[in-house]
Amino acid sequence: MLKFKLSDIADQLNGFFLGNPDNEFDKLLTDSRKIVKFHDSLFIALDGKQHDGHLFIPELYKKGLRSFIISKDINTQVYPDASFLKVENSVDALQKLANIKRRKFDIPIIAISGSNGKTIVKEWLFHILSPYFNITRSPKSYNSQIGVPLSLWLINSSTELAIIEAGISEIGEMQKLEAVIKPNIGLFTNIGEAHQSQFSSIEQKISEKFALFKDCETIICNSDFEKFKTNKDTKTILLSHREKDATIFVDKIIKHNTFSEIKIAYNNQLHELKIPFTDEGSIENAISCFALITVFFPKPDKDIISRFTSLPGVQMRLQTLDAINNSILINDSYNSDINSLEIALDYLNQKKANKKSILIMSDILQNSEKENIFYKSVNKLISEKNIDQLIGIGENLSKQKDGFAKNSIFYQDTDAFLNELILSDYSNAAILLKGARNFRFEEISKRLQAKSHESYIETNMNLMRDNLLFFRSQIKPQTKIMAMVKAFSYGSGYREVATFLQHNRIDYLAVAYTDEGVELRKSGIITPIMVMNPSAKDFKTMIDYNLEPEIYSYELLQDLVKEIKAFQKQNFSVHIKINTGMNRLGISEQEVDEFCQLLNATPNIKIASVFSHLVGADSSKFDDFTQNQIKIFIKISDKISSLTNQQVLRHILNSAGILRFTNYQFEMVRLGIGLYGLMDSVTDKLEQVSVFKSIISQTHEVKAGESVSYNRSGKPTKDTRTATIPVGYADGIDRRLGNGNWHFIINGQKAATIGDICMDMCMVDITGIDTKTGDEVIIFGPQNSITQMSKVLNTIPYEVITGISERVKRIYVEE
């Protein structure tokens with residue numbers, strides 16, 4: 001293993017070295033929450049607008065990490081025996097460091113750029129070429145200014161070929177990545193509208209992307225882009241559907257129901273590719289892959305051409321859903337190498353909380369000569385990541401069983417596993433599925449899922465993270481955030497959303513009722529939790545589970561004092577609710593003196609925060625009222641602090657308030673509906689995180705004059721094709737959305753409801769839409785949003801999203 005010392009490379013990184021010169025590292029860490037071998041790792045303290053890695057240095061030092069790159073002045077004397085490199089910019093230092101390692105390997109490096117298809121082409125090249133080369137490639141879509149150097153760092157002594165994807169969002173970024181990667185071979189996929197606002201023209205964007213290839217020996221691109229090549233000595237492999245004299249001429253494309261045939265003229269020979277896809281994007285990506293393999297195989301034989309018939313579907317998102325017996329299930333089909341396995345295991349540890357971690361994995365490598373070495377690495381990784389149990393499926397894994405922990409279990413194939421599956425063995429577990437496509441792990445997933453409903457809410461955690469970062473950018477770095485996860489996390493699901501927020505270092509969570517907080521505590525949530533509508537009878541439970549009640553009346557405070565004295569609870573935190581105009585819950589100014597007298601007489605009670613609720617922060621017509629509420633809040637909260645002699649957190653701003661009254665963020669803000677991206681009336685900077693999906697159960701040809709649904713409510717005036725969707729008003733689809741008042745999205749087209757909404761089903765008009773049974777249906781999503789649905793129903797998005805029944809499956813996806 002190639003090791004480095006900061007003391008040896010300080011000059012190359014333009015840094016100032018401090019501390020112990022002997023510490024070595026071979027791993028890079030930018031996220032302090034990951035489980036790694038800390039004594040072998042270097043932590044790069046990245047400093048951004050809403051993130052400062054320097055804050056986590058004490059935590060990492062305690063864990064045993066000793067090598068740090070920093071860009072701020074810190075007291076290094078409190079970290080004896082540690083190594084520090086002070087640099088101007090941590091990202092620049094990371095890139096230079098990656099290039100130092102890259103230069104130690106004289107191997108072909110393929111760099112892939114373009115607007116679309118980079119990740120799929122990379123994965124398909126890996127699939128096609130892995131029997132011939134030991135390949136290191138970018139994990140997932142690690143193509144950013146940080147992702148690229150982290151990808152290059154994965155190159156090791158066994159790497160024979162590297163495939164790195166590179167993406168940019170603004171001018172000047174690609175030159176930096178070129179200096180890091182120094183590729184030999186460049187592949188340009190295509191050009192599109194992504195990030196176009198950062199460039200003056202399409203031509204400028206193409207030129208910027210081609211900067212990646214300035215010193216390449218070979219470039220593969222469409223003939224339309226040849227003029228952007230900067231080095232005249234570079235060999236160019238041109239692709240074209242029109243120019244027969246191009247290096248790669250696409251002669252013919254024949255689409256069938258489930259596969260496509262692509263006839264390609266190359267090197268005076270006609271080659272025929274068969275791929276298991278029919279969409280235009282996949283066809284173009286396959287042609288790009290063929291062009292690149294000609295660099296290594298000028299005369300492609302039938303063996304390598306046959307690899308195209310088994311090109312895998314590339315699912316870049318990890319999918320999490322509820323499983324049996326209070327477990328969770330993580331699906332990850334991205335399973336081909338040790339690096340992607342490490343990412344998935346980190347994700348498993350992020351999600352598991354207090355659950356037992358189980359990895360169910362299939363055979364991975366196809367080259368038997370490398371299996372022994374590979375599975376030793378897998379076992380080492382499983383041990384380092386503290387995974388509780390491995391279940392291996394496949395002949396190759398079974399052969400290596402003696403190299404794994406004694407509690408590991410092995411099966412020859414998926415059928416053998418399913419035949420012996422005992423569901424009670426999977427209780428309170430976090431289960432990661434990593435199976436190659438031919439192992440049919442979807443059958444395992446079906447057996448372990450808690451719900452089998454064909455309709456589900458899909459929540460994109462990447463979009464939720466983007467929304468959270470947006471709100472963090474609107475407040476001061478020291479302002480805390482309380483995130484609302486009441487009402488089943490606005491219909492998205494308690495456990496997963498709370499786990500996500502805890503992982504992203506949210507300061508407080510808030511629930512409506514005690515049992516919601518108890519459920520979170522049982523799921524391993526340790527973040528402070530405020531209960532907004534507590535009952536006196538629940539105080540004992542709240543004490544037991546360390547939940548913090550909202551106290552909104554003198555009578556409720558009296559009840560709490562009795563419980564505190566009875567159980568001799570010390571330093572019990574409460575949140576004081578002030579009524580500033582909502583007239584729902586909260587103490588008034590007239591009650592403050594008596595209220596504080598009782599607080600002062602009960603020293604075991606600690607005020608965690610004082611807060612109030614704005615009536616109409618999202619509407620300018622209530623701005624005067626809002627300003628008056630804030631004035632009242634300041635007056636009463638100051639009085640409470642003075643009378644109790646306690647410095648307390650204050651919070652009054654909700655999601656809309658954060659954006660419209662940011663001067664009054666005080667010490668904390670409350671983030672609710674904004675986290676889920678449902679604030680179209682206030683800002684367009686957020687993304688709706690949830691999509692409601694289902695499938696087509698059946699289609700019908702309905703003649704003119706016939707009827708659809710109950711009471712003959714749907715009466716087409718012409719011959720109509722309909723589809724039945726297995727979702728109804730019992731699932732949260734309001735009956736008012738029937739009879740053409742709403743449309744679903746099927747294969748990119750609108751399909752209006754027809755007839756009344758039934759309890760468990762509804763029907764839509766699919767006339768003129770190319771559909772079949774099993775096709776995906778979007779009930780609400782980007783093209784038919786929750787906000788639009790709420791307007792149709794003359795209500796608010798809150799009611800729509802929280803009205804989705806819990807019998808509807810919740811799935812969480814994350815790249």
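Among contacts between residues at least 6 apart in sequence, 65% join residues at least 24 apart in the protein chain. This picture comes from a predicted model, in which the protein chain carries 25 helices and 39 strands. The radius of gyration is 29 Å, close to the 28 Å given by the globule rule for 815 residues, so the protein chain is as compact as a globular protein of that length. Along the principal axes, the C-alpha atoms fill a box of roughly 95 × 85 × 60 Å. The accessible surface comes to about 35,200 Å², with 46% of it belonging to carbon and sulfur atoms.

Turning to the interior, 57% of the 815 residues count as buried. In soluble globular proteins, nonpolar side chains tend to be buried together. Here the largest nonpolar core has 109 residues, and Leu-509, Ile-576 and Ile-640 touch the most other members. Helix α20 (residues 554-567) supplies the largest share of this core, 6 residues. A second, separate core of 37 residues includes Tyr-266, Ile-293, Phe-308 and Leu-311.

Neighbours within four places in sequence left aside, Ile-640 is in contact with Ile-576, Ile-578, Ile-587, Val-592, Cys-596, Ile-607 and Val-610.

Phe-622 counts as partly exposed because its relative accessibility is 34%, and partly exposed covers the range between under 20% (buried) and over 50% (exposed).

Notes. Residues numbered from 1 in each chain as written. Predicted model: local features only at pLDDT ≥ 70, side-chain atom pairs only at ≥ 80, totals over all residues. Heavy atoms only, no water. Buried < 20%, exposed > 50% of the residue type's maximum accessible area, 1.4 Å probe, protein only. Core = buried A, V, L, I, M, F, W, Y, C linked by side-chain atoms within 4.5 Å. Helix = DSSP H or I, 4+ residues; strand = E, 2+ residues; numbered from the N terminus. Contact = heavy atoms within 4.5 Å. Rg over C-alpha atoms; globule rule 2.2 N^0.38 Å. Areas by Shrake-Rupley, 256 points an atom, 1.4 Å probe, with all protein chains shown as cover.
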